[in-house]
Amino acid sequence: QVQLVESGGGLAQAGGSLRLACAASGRTFSIYHMGWFRQAPGKEREFVAAIRWSGGGIYYADSVKGRFTISRDTAKNTVYLQLNSLEPEDTAVYYCNAKSREFQAEYEYWGQGTQVTVSS
């Protein structure tokens, strides 16, 4: 099992910045991929950004490319999402996601979510 705890959400003005963090615990050695998704009211959950835990791959949704930056600290088992140039359309609950693999079985985990609200 892997547990994920997000932090860092809050209220920001348009054009402002926030930094989200997601700390993983438990069987973290099995994690190979972590990322962020978001869900706005009345909308489906959508992909935001992801990073390969061992390095070598970073991915962004087109809507956040150039504004958001994902990074990781493997020593702390933590993934970060730096949100810059925020827009009201970025308002959503942001969820951390982790994928792990053990004995050829794949697992997926979600955090509880952290609210990001951007005012115009």
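Tutor: A definition comes first: Lys and Arg count as positive, Asp and Glu as negative, while His and the chain ends are left out. On that count the chain carries 12 positive and 11 negative charges, and their mean positions lie 5 Å apart. Keep in mind that this is a predicted model.

Now the hairpin. Strand S9 covers residues 92–102, and strand S10 covers residues 105–110. The two run antiparallel, joined by six bridges. Two residues sit between S9 and S10. Phe103 is in that turn, and its phi is positive, about 50°. In a regular strand, side chains alternate between the two faces of the sheet.

Next, the setting. The chain has eleven strands and zero helices. From the N terminus on, the elements therefore read β-β-β-β-β-β-β-β-β-β-β. The radius of gyration is 14 Å, close to the 14 Å that the globule rule gives for 120 residues, so the chain is as compact as a globular protein of that length. Along the principal axes, the C-alpha trace spans about 50 × 30 × 25 Å.

Contacts and surface complete the picture. Take contacts between residues at least 6 apart in sequence: 53% of them join residues at least 24 apart. Of the 120 residues, 43% are buried, with buried meaning under 20% relative accessible area. The accessible surface comes to about 6300 Å². Carbon and sulfur atoms account for 48% of that surface.

Definitions and conventions. Residues numbered from 1 in each chain as written. Predicted model: local features only at pLDDT ≥ 70, side-chain atom pairs only at ≥ 80, totals over all residues. Heavy atoms only, no water. Pairing = 2+ DSSP bridges. Helix = DSSP H or I, 4+ residues; strand = E, 2+ residues; numbered from the N terminus. Rg over C-alpha atoms; globule rule 2.2 N^0.38 Å. Buried < 20%, exposed > 50% of the residue type's maximum accessible area, 1.4 Å probe, protein only. Contact = heavy atoms within 4.5 Å. Areas by Shrake-Rupley, 256 points an atom, 1.4 Å probe, with all protein chains shown as cover. Charge placed at Lys NZ, Arg CZ, Asp CG, Glu CD.
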